[in-house]
Amino acid sequence: MSPAIALRRAAAWLLRGAAGAGAGAPRAASSAALPGLGGALLSPARGLQGSEAAGFLGIWGGPAAGGSGGSWWFRCAASSVPRPGLLVEQLLVGGGRSFATGAAPEEVSFSPAAREADVSQPEKSVGTSDKTMLGDRSLKLVSGVCYLPHPDKEETGGEDAHFIWDEQAIGIADGVGGWASYGIDAGQYARDIMSNAVTAIEEEPKDSIDLTRVLEKAHSSTTVPGSSTACIIAITNQGIQAINLGDSGFIVIRDGCTLCRSPVQQHDFNFSYQLQSGNSSDLPNAAQVFKVPVASGDVIVAGTDGLFDNLYNNDITAVVVHATRAGLEPQVTAQKIAALARQRAQDKNRPTPFSTAAQDAGYRYYGGKLDDITVVVSYVTAFGNS
């Protein structure tokens, strides 16, 4: 077992108040706040307020329209809070796939045929009937990025990394900070795996990038000590494809609504899947692969957990709507989203996705989580348009 994984598992075990408990004992609620994360204690009498604190509302679905036998769609209402193993909408084929924590499917497809209007759902679901889907590679990604290192890591440049490649692909990685206690630059692995991913993409056919192969090549080529999450997105003939391992991820926004959101992959609360040199941690084949039909005008927001731990889907969408209506460039939009995430990370008096997940896991935690924040915003644009 790697030092980073051992350290994080030990930390999670101690934070759960598991000392003295048997290995099979159920998790008990902890009365302690999570140290070093910038949050505040949550007293038992202090509940979450407002619509953002509604929590998990339910999951419903039915047979997929036009689908083969055994195909069903499900929609999760979770008040815009990302839950490990739950998607905003998921098409299950041939008896279904498990998204329990620790399990990853080979591929996830968001099917327009599975969508139905439902005015009662907390977030509007939009279809593709009002958009012209372009079958050839006539779409591109016009992208911008904002990176805000943790205030304590500004001198070293932080531990996140990213790339933007040829209006066709983007990537983000979040280095695991636990390596710093061993005198290792925790961001170098993230930077190297992103650099190696670009090299692998350049070796792919330009109109048919295999992201599974790209991630495998990037992982095998990254030999420095360390570990990180990884998320890579590319535009293809059919829309976008993406591959994600860990708690970085992406959201696709159309007409002010959440079209889809990648789920978090984690072994336990605050212990995400991660790549590492060799075979001593999670491997690329544990990553989830996504295919999402997109159209010109859609917006993709990718980020590390510093973004998604501190902003709900609705927060991100609101910034995107304002920015696109004002005609702002992707980089300015990314800056605005990152600034809001940093503001929420430093707010100890407001619920965040991280505080909600912490409370669900049995911790008394309130407020944001201060961390490196990387935001890549991509406008899906037709060729010939700026």
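Does Glu 167 count as buried, exposed or partly exposed, and at what relative accessibility? At 36% relative accessibility, Glu 167 counts as partly exposed. The model discussed here is a predicted one. The protein chain has 386 residues, of which 54% count as buried, and its secondary structure comes to 7 helices and 18 strands. Among contacts between residues at least 6 apart in sequence, 70% join residues at least 24 apart.

**Loop residues with positive phi**

- Glu 167 is not a glycine, yet its phi is positive, at about 55°.
- The loop that holds Glu 167 runs between strand E6 (160-165) and strand E7 (169-174).
- Asn 270 is likewise a residue other than glycine with a positive phi, near 65°.
- Asn 270 lies in the loop between strand E13 (266-268) and strand E14 (271-272).
- The relative accessible area of Asn 270 is 24%; because buried means under 20% and exposed means over 50%, Asn 270 is partly exposed.

**Helices H2 and H3**

- Helix H2 (residues 188-202) and helix H3 (residues 211-221) have axes that come within 8 Å and cross at roughly 130°.
- The two helices, H2 and H3, are therefore oblique to each other, and H2 passes H3 in a right-handed crossing.
- On the H2 side, the contact involves Tyr 189, Ile 193, Asn 196, Ala 197, Ala 200 and Ile 201. On the H3 side, these residues meet Val 214, Lys 217, Ala 218, His 219 and Ser 221.
- By class, the contact of H2 with H3 has 7 nonpolar, 3 polar and 1 charged residues.

**The buried side of H3**

- The buried residues in H3 are Leu 211, Val 214, Leu 215, Ala 218 and His 219.
- These residues cover an arc of only 125° around the axis, which puts them on the same side of H3.
- An α-helix has 3.6 residues a turn, so residues three or four places apart point the same way.
- The packing partners of the buried H3 residues are H2, strand E9 (230-236), strand E10 (239-245) and strand E15 (275-276).

**Arg 191 in H2**

- Arg 191 is found in helix H2 and is partly exposed, with a relative accessible area of 27%.
- Leaving aside neighbours within four places in sequence, Arg 191 is in contact with Gly 158, Ala 161 and Asp 185.
- Arg 191 and His 162 are 29 residues apart along the chain, and their C-alpha atoms are separated by 7.3 Å.

**Helices H5 and H6**

- Helix H5 (residues 313-325) packs with H6 at an angle of about 145°, and their axes are 10 Å apart.
- The crossing of H5 and H6 is right-handed.
- H5 contributes Asp 315, Ile 316, Val 319, Val 320 and Ala 323 to the contact, while H6 contributes Thr 333, Lys 336, Ile 337, Leu 340 and Arg 344.
- By class, the contact of H5 with H6 has 6 nonpolar, 1 polar and 3 charged residues.

**Ala 334 in H6**

- Ala 334 is found in helix H6 (residues 330-345) and is buried, with a relative accessible area of 0%.
- Apart from neighbours within four places in sequence, the residues in contact with Ala 334 are Gly 144, Val 145, Cys 146, Val 375 and Val 377.
- The C-alpha atoms of Ala 334 and Thr 374 are separated by 8.7 Å, with the two residues 40 residues apart along the chain.

Terms used: Residues numbered from 1 in each chain as written. Predicted model: local features only at pLDDT ≥ 70, side-chain atom pairs only at ≥ 80, totals over all residues. Heavy atoms only, no water. Axes fitted to C-alpha atoms, helices over the stretch in contact; angles between N-to-C directions. Helix = DSSP H or I, 4+ residues; strand = E, 2+ residues; numbered from the N terminus. Parallel < 35°, antiparallel > 145°, perpendicular 65-115°, else oblique. Left-handed = near helix turned anticlockwise from the far one by under 90°. Contact = heavy atoms within 4.5 Å. Nonpolar A, V, L, I, M, F, W, Y, C, P; charged D, E, K, R; others polar. Buried < 20%, exposed > 50% of the residue type's maximum accessible area, 1.4 Å probe, protein only. Arc of directions from axis to C-beta.
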